[in-house]
Amino acid sequence: KFRISLKKQSQDNRWGVIMIQINTAFNPFRMKASRSEPVNLQVDLKNDGDEGTMLTLEVLLSKQLSFERTGYKTEARAKIDKLGPGERKRFDFVIFPKAGTRTEDQPVEIKVTDHYNDYNHVRKEYSKRLSLRVDK
């Protein structure tokens, strides 16, 4: 497994301290395009802050990758109504190569939006860029 960890902190007098930890892992850590075998992406979110929060998780793939074998879905979204202090939430995504995927590093972007009151109000946005190695 290949793990990347990222901590971001937001401080505002109105809301206290919100710190979201984002950990990711690819398994296997590189994709074999010739076999058309998928790679699993695991995303762990942890609230290291002192109060609960409402989050939206988005995973955006390059045009060479897809969340479906058919090759059309390049975005995935999940909403977390409540992530309490110290609480952790895990998401698993399966990533497939499209036909003709180039053998190079393919970008994967993870966006986490911290909301307040409802999903229409944004308190803080976090972004993390990953690179998935694609071999023949």
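Modeller: Happy to. Let's start with Glu-125: this residue counts as exposed because its relative accessibility is 56%, and the cut-off for exposed is over 50%. Please keep in mind that this is a predicted model.

Glu-125 lies in strand 10. Setting aside neighbours within four places in sequence, Glu-125 is in contact with Val-112 and Thr-113. Between Glu-125 and Leu-55 there are 9.5 Å in space, C-alpha to C-alpha, although the two are 70 residues apart in sequence.

Leaving out neighbours within four places in sequence, the contacts of Val-112 include Glu-125 together with Lys-124 and Tyr-126. Leu-55, Thr-56 and Leu-57 also touch Val-112, as do Ile-20, Ile-22 and Leu-45.

Val-112 also takes us into the largest nonpolar core, which has 29 residues. Val-112 is among the residues with the most contacts inside this core, alongside Leu-41, Leu-45, Phe-93, Ile-95 and Val-108. Two or more core residues come from each of strand 2 (16-27), strand 4, strand 5 (53-61), strand 7, strand 8, strand 9 and strand 10.

Strand 10 (residues 118-135) runs parallel to strand 3 (residues 30-32), and three bridges join them. Within that pair, Lys-32 stands opposite Asp-135. Strand 9 (residues 105-116) is antiparallel to strand 10, with twelve bridges between them. Along this pairing, Pro-107 has Ser-131 as its bridge partner in strand 10, while His-115 stands opposite Val-122. Strand 9 and strand 10 form a hairpin with one residue between the strands, where Asn-117 takes a positive phi near 65 degrees.

Stepping back, these strands belong to an open sheet of five strands in the order 3-10-9-5-7, with mixed pairing. Strand 3 and strand 7 (75-83) are its edge strands, each pairing on one side only. On average, neighbouring strands of this sheet are turned by 25 degrees against each other, direction ignored.

Strand 8 has pairings of its own to look at. Strand 8 (residues 88-97) runs antiparallel to strand 4 (residues 39-47), and eight bridges join the two. One of the bridge pairs there links Asn-40 to Val-94 in strand 8. Strand 6 (residues 65-66) is also antiparallel to strand 8, joined by two bridges, and the partner of Ser-66 in strand 8 is Phe-96.

Finally, here is the setting for all this. Of its 136 residues, 46% are buried. Among contacts between residues at least 6 apart in sequence, 67% join residues at least 24 apart. The protein exposes about 7700 Å², and carbon and sulfur atoms supply 42% of that area.

Conventions: Residues are numbered from 1 along each chain as its sequence is written. This is a predicted model: local features need pLDDT of at least 70, side-chain atom pairs count only at pLDDT 80 or more; totals for chains, interfaces and linings use all residues. Side-chain values use heavy atoms; hydrogens and water are left out. Two strands pair if DSSP finds at least two bridges between them. Helices (H or I, at least four residues) and strands (E, at least two) are DSSP runs, numbered from the N terminus. Buried means under 20% relative accessible area, exposed over 50%, partly exposed in between (1.4 Å probe, protein chains only). Contact means heavy atoms within 4.5 Å. Accessible areas come from the Shrake-Rupley method with a 1.4 Å probe; for residues, only the protein chains shown count as cover. Axes are lines fitted to C-alpha atoms, for helices over the stretch in contact, and angles run from 0 to 180 degrees between N-to-C directions. A nonpolar core is a set of buried Ala, Val, Leu, Ile, Met, Phe, Trp, Tyr and Cys residues joined through side-chain atoms within 4.5 Å.
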